[in-house]
Amino acid sequence: MIKNDIWIRAMAAQGMIQPFEPTLVRRVAEQPVISFGLSSYGYDIRLSPKEFRIFRHVPGTVVDPKNFNPANLEFAPLHEDANGMFFILPAHSYGLGVALERLQVPENVTVLCIGKSSYARAGIIANLTPAEAGWRGHLTLEFSNSSSADCRIYANEGVVQLLFFEGEPCDVSYETRRGKYQDQPEAVTLARV
Ligand SMILES: Nc1ccn([C@H]2C[C@H](O)[C@@H](COP(=O)(O)OP(=O)(O)OP(=O)(O)O)O2)c(=O)n1
């Protein structure tokens, strides 16, 4: 069953989402922001300003998820103007960011990370991925700019929404199987085997 705002608020008090906003924030210092915080049946997390990396083609190489070459991922500069802090994801490119919040997924819960409508309308696709039962850390977030125009991705504002699904207790959680992406820091974590 999908979990509601009451459950999310109670679990956040036990450390499930840190930092936690108990309402959906639409303005900060009277300026409009891309919303973040608690919604009726989910939680919108923010993009960290710390790091954003964009794929680039290195002639003669292919990207190998088993043997990742960091040269394929260029650091994007953080910009700032009156509208806030942002990275630019060029047209038809793919970028990786990291969540500002740290998650601690309960042992009987699976989290789905899905896109926000405002970005979807701007051509940005957030890759649909799970955060597994018992996983902890800062999510690495993956974005595709599917439009033919460059697009801003705002830091410190809402970027991806999380949906929480509770099930029967599982036999083996991410923690007990000692998953390789456990305890991710607030930095882009590359694919590894
Ligand atoms: N956007 C996302 C989604 C998930 N994760 C974290 C939380 C997940 O619990 C963990 C592993 O996700 P997957 O199970 O999808 O990854 P793999 O199956 O590739 O790796 P593993 O073998 O560790 O399960 O990565 C993340 O950092 N960023």
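These legends describe close-up views of a predicted model, covering its ligand site, pockets and cavity.

**View 1. Residues around the ligand.** The shell around the ligand consists of Thr 129, Pro 130, Ala 131, Glu 132, Trp 135, Leu 139, Thr 140, Glu 142, Tyr 174, Lys 180, Tyr 181 and Gln 184. Six of these residues are nonpolar, three polar and three charged. Strand β12 makes the biggest contribution to the shell, three residues.

View 2. The side chain of Thr 129 places an N or O atom 2.7 Å from a nitrogen atom of the ligand. At Thr 140 a backbone N or O atom is 2.7 Å from a ligand nitrogen atom. For Glu 142, a polar side-chain atom is 3.2 Å from a nitrogen atom of the ligand. On its own the ligand has 580 Å² of accessible area, and the protein covers 73% of this.

**View 3. The largest pocket.** The ligand takes up the space of the largest pocket. Two elements, β12 (129–131) and β14 (140–145), each give two or more residues to the shell around the ligand. The volume of the largest pocket is about 410 Å³. Its lining has 20 residues, and those nearest the centre are Thr 129, Thr 140, Glu 142, Tyr 181 and Gln 184. Elements with two or more residues in this lining are β8 (94–99), β12 and β14. The largest share, three residues, belongs to β12. By class, the lining of the largest pocket has 14 nonpolar, four polar and two charged residues.

**View 4. The second largest pocket.** The second largest pocket holds about 200 Å³ of space. It is lined by 13 residues, with Gln 31, Pro 32, Val 33, Asn 83 and Glu 157 closest to its centre. Strands β3 (31–39) and β7 (84–89) are the elements that supply two or more lining residues. Of these, β3 gives the most, with four residues. Seven lining residues of the second largest pocket are nonpolar, four polar and two charged.

**View 5. The cavity.** One cavity of 30 Å³ or more is found in a search of the whole structure. The volume of the largest cavity is about 50 Å³. Its lining is made up of Cys 113, Ile 114, Ala 126, Asn 127, Thr 129, Thr 140, Leu 141, Glu 142, Phe 143 and Val 160. Strands β10 (109–115) and β14 are the elements giving two or more residues to this lining. The most come from β14, with four residues. The lining of the largest cavity comprises six nonpolar, three polar and one charged residue.

Technical notes. Residues numbered from 1 in each chain as written. Predicted model: local features only at pLDDT ≥ 70, side-chain atom pairs only at ≥ 80, totals over all residues. Heavy atoms only, no water. Near = heavy atom within 4 Å. Polar contact = N/O pair within 3.5 Å; in protein donor to acceptor, adjacent residues only side chain to side chain. Areas by Shrake-Rupley, 256 points an atom, 1.4 Å probe, with all protein chains shown as cover. 1 Å grid on protein atoms, 1.4 Å probe; cavity = no way out; pocket = protein on both sides within 12 Å on 5 of 7 lines; lining within 4 Å. Sits in = over half its atoms within 2 Å of the grid points. Nonpolar A, V, L, I, M, F, W, Y, C, P; charged D, E, K, R; others polar. Points joined across faces, edges and corners; volume = space filled by probe spheres on them.
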